[in-house]
Amino acid sequence: MEHSYEELKMKTVAQLREIAAGIDNEALNGHKTMHKDQLVLALCTALGIDARAHHAVVGIDKSRVKAQIRALKAKRAAALEAKDASELKRVRHNVKRLKQKIKRATV
């Protein structure tokens, strides 16, 4: 049976211990006395699951925003070479604004 980090995180300790009992792995030694957070990490290690929460960006086109950031970084480099402080400040502000936009859209 396939498991994911999110699915394991939602289960009770009893359910996690039941899953661990059916798996023979060194990471699960002492699974009967582990706390939930330790048990979830041990199960992820034993099952080869990435043990971190995955976030999704909703409401914006992340790849398009990232492309805009890359273009602005090129402009930033040009402004640094030209020693144009006002342009540099404007570009840095726009990069920061776009990064905040991505963070706000992350669920």
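**Glu7, a partly exposed residue with a relative accessible area of 26%, is shown with its partner Lys11.** Partly exposed refers to the range between buried, under 20% relative accessible area, and exposed, over 50% (1.4 Å probe, protein chains only). The model is predicted, so that local features need pLDDT of at least 70 and side-chain atom pairs count only at pLDDT 80 or more, whereas totals for chains, interfaces and linings use all residues. Residues are numbered from 1 along each chain as its sequence is written, and side-chain values use heavy atoms, with hydrogens and water left out. Glu7 and Lys11 form a salt bridge (a side-chain nitrogen of Lys or Arg within 4 Å of a carboxyl oxygen of Asp or Glu), and their closest N and O atoms lie 3.9 Å apart. This pair belongs to a set of three salt bridges in the structure.

**Arg52 and Asp50 are joined through their side chains in a salt bridge.** The N to O distance in this pair is 3.1 Å. Arg52 is partly exposed, with 48% relative accessibility, and Asp50 is likewise partly exposed, its relative accessible area being 39%. Side chains of opposite charge can pair when their charged atoms come close.

**Glu87 and Arg90 form a salt bridge within helix α5 (residues 85–105).** Helices (H or I, at least four residues) and strands (E, at least two) are DSSP runs, numbered from the N terminus. The two side chains meet at 2.6 Å, N to O. Because Glu87 and Arg90 are three residues apart in helix α5, about one helical turn separates them. Glu87 counts as partly exposed at 25% relative accessibility, while for Arg90, also partly exposed, the relative accessible area is 39%.

**A positive surface patch brings together Lys62, Lys66, Arg70, Lys73, Lys99 and Lys103.** The elements that contribute two or more residues to this patch are α4 (62–82) and α5, and α4 supplies the largest share, namely four residues. A patch of this kind joins like charges within 9 Å, among residues with over 30% relative accessible area and no salt bridge. Accessible areas follow the Shrake-Rupley method with a 1.4 Å probe, where for residues only the protein chains shown count as cover. Lys and Arg count as positive, and Asp and Glu as negative, without His and the chain ends; the charge is placed at NZ of Lys, CZ of Arg, CG of Asp or CD of Glu. Lys73 lies in helix α4 and is partly exposed at 34% relative accessibility.

**Asp24 and Lys32 are both placed in the loop between α2 and α3.** This loop connects α2 (13–21) with α3 (36–47). Asp24 is exposed, with a relative accessible area of 81%, and Lys32 counts as exposed at 65% relative accessibility. Lys32 and Asp84, which are 52 residues apart in sequence, have their C-alpha atoms 64 Å apart in space.

**The protein chain contains five helices and zero strands.** With a radius of gyration of 23 Å, well over the 13 Å that the globule rule gives for 107 residues, the protein chain is more spread out than a compact globule. The radius is taken over C-alpha atoms, and the rule is 2.2 Å times the number of residues to the power 0.38. The C-alpha trace spans about 65 × 25 × 20 Å along its principal axes, and buried residues account for 26% of the 107 residues.

Key:
Patches are made of residues with over 30% relative accessible area and no salt bridge: like charges are joined within 9 Å, nonpolar side chains (Val, Leu, Ile, Met, Phe, Trp, Tyr) within 5 Å.
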